[in-house]
Amino acid sequence: MIPKVPGMFPALALIVILFIAGAGCTNASDEEVAGSGLPATTMADDLFAQAEMVMADSSYRTAASYYEEAYQLYTESDDVAGALLARNGMFRATRATIEYPLNRTAAEVEMQEKIPLLTEANMTAWLDERAQTIVSDGETLYFENVAQDYLYAHVDDLRPMADTMIDFGYVSRYAIPEKASAAGDESVLPYVNPVRYTGTEALVLPEDVLPATGMLSIWYPLPLETESQRDVVVTNLSHEEYIVTGPVTEGQIAYVYYEVPADAIDGDLIITADIAFTSYEQHFVVDPARVKAYDTMDPEYIRYTSSGRNIEVTDESRALAVAIVGNEMNPYLQAQVIYHYIIDTYPYSYAPHVSIDTIEPKVAESYYMLATGHGDCGTQSQFFAALCRSLGIPARATGGYQMLVTGHPGPHFWAEYYIEGYGWIPCDPAVAESADWVDVPEEDRDAFKTYYANNLDPTRLVIQKDVDAPMNPTIPEGAVVFRLVRQQPAIVWDEAAVDLDMLSGFHFTVSLEGEE
């Protein structure tokens, strides 16, 4: 069992809607719609206006239907601009509820099937008071992981199942002192115990979802050169003739940007890259008395103590952060207190990242956790960063993939906080919480959680230093793209009738082998 993170949405594979283009439809360019007596563009404009109205009223499913009808009419009328607006509206409306496929009856069945010995009272209390929900078209819909979230919040029910799924001895191989490798020569701390990874990234989009015309724009993720991830090598990139930017492997985020014309694609679209990098264990030994004062005028300090799209500093976050740390004034110790508060207060839970990223007005991921108490590794890391920033401690949510749990890459995010005199110190609240899911000695559980407060294992692939990291060129403002993280390629193709950006997550793989 592995924490799921923004960027990968396995359950969505069954419910992603493939919208069919107007291929084969009559080229009606303002011909009357049969039986209506109205030009197609007029009907499309009316449907689009209705879609916008009901979308604003949170009737997402009705909006998706109106947008789709408008899209078909605009396409038939050769109104390219109108078709694109309607298609994008259709994608947004679908994304708003795609992670909420369950009505009340289906949610009850889901919980009863997946949770042994679940009582009616406990199920009712969870669905009424704690479950993640959205209201669309006047109906309350339940998050797809409603049963798993219940189990994470009730570890006594979870442990009998998790003990057979998690090899805690393997997961804790860097964290438990008697099992962990030696930290090495303290003169080379904090970066020790390197692991060299080599492997391949691959995107394979099937031919039957690709448009016959237009231009594909794709931002393809790569390993990033950082203090803990070094000697990055990217080779054998596909379609080098269509690379516009990159490969970029330094800065805030690593990627290569393509523009590929449709007529250059023969069959499936296949883009691969061979990658290699060295990941170091981060082992920080911090003396709070030696922590230095921040230079509050430094641009990096300002960047990582300000509000962002998903890490938001508000009066509420400041009040909570102050209440958590009490009279503690040392920024390192404050960050430690916040870390332990999160893992002791908030059970791990999956989060509806696509919906959060889509619905307007935009709600920051950090605020979503503050308001609901729900968050997975990405949301917890952003919440941690928001609380730190609220106290003037630079912090960010960093990530890409981890190879800790099974040895194979799994999408993951963690946090980093900056302490003057020591640098960027990692912490991983979600991995720390996994110790609660298994039946292990309390001293092992405590040692595991303590390790991940200011250390990190070397089983990481870093793609970006923070969420919402900017790329060049930037993703167009109106494009329907998952913007939070780049664990999978971002795709913009105006002529596509299918939400290719969503589909990319199901057709993108990362394979790695490590050698210590």
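**Close-up views of a predicted model**

Residues are numbered from 1 along each chain as its sequence is written, and side-chain values use heavy atoms, leaving out hydrogens and water.

**View A. Asp 501 pairs with Arg 95.** The two form a salt bridge (a side-chain nitrogen of Lys or Arg within 4 Å of a carboxyl oxygen of Asp or Glu), with the closest N and O atoms 3.0 Å apart. Asp 501 sits in helix α17 (residues 500–503) and Arg 95 in helix α3 (residues 80–97), 406 residues apart; helices are DSSP runs of H or I, at least four residues, and strands are runs of E, at least two, numbered from the N terminus. Asp 501 is buried too, at 2% relative accessibility.

**View B. Asp 428 meets Arg 460.** Here the closest N and O atoms of the salt bridge are 2.8 Å apart. Asp 428 lies in the loop between β11 (423–427) and α15 (429–433) and Arg 460 in strand β13 (residues 460–464), so the pair ties together parts 32 residues apart in sequence. Asp 428 is buried at 0% relative accessibility, and Arg 460 at 2%.

**View C. A network links Asp 436, Glu 442, Arg 445 and Lys 449.** Within this network of salt bridges, the closest N and O atoms of Arg 445 and Asp 436 are 3.6 Å apart. Both Arg 445 and Asp 436 are buried.

Methods:
Predicted model: local features only at pLDDT ≥ 70, side-chain atom pairs only at ≥ 80, totals over all residues. Buried < 20%, exposed > 50% of the residue type's maximum accessible area, 1.4 Å probe, protein only.
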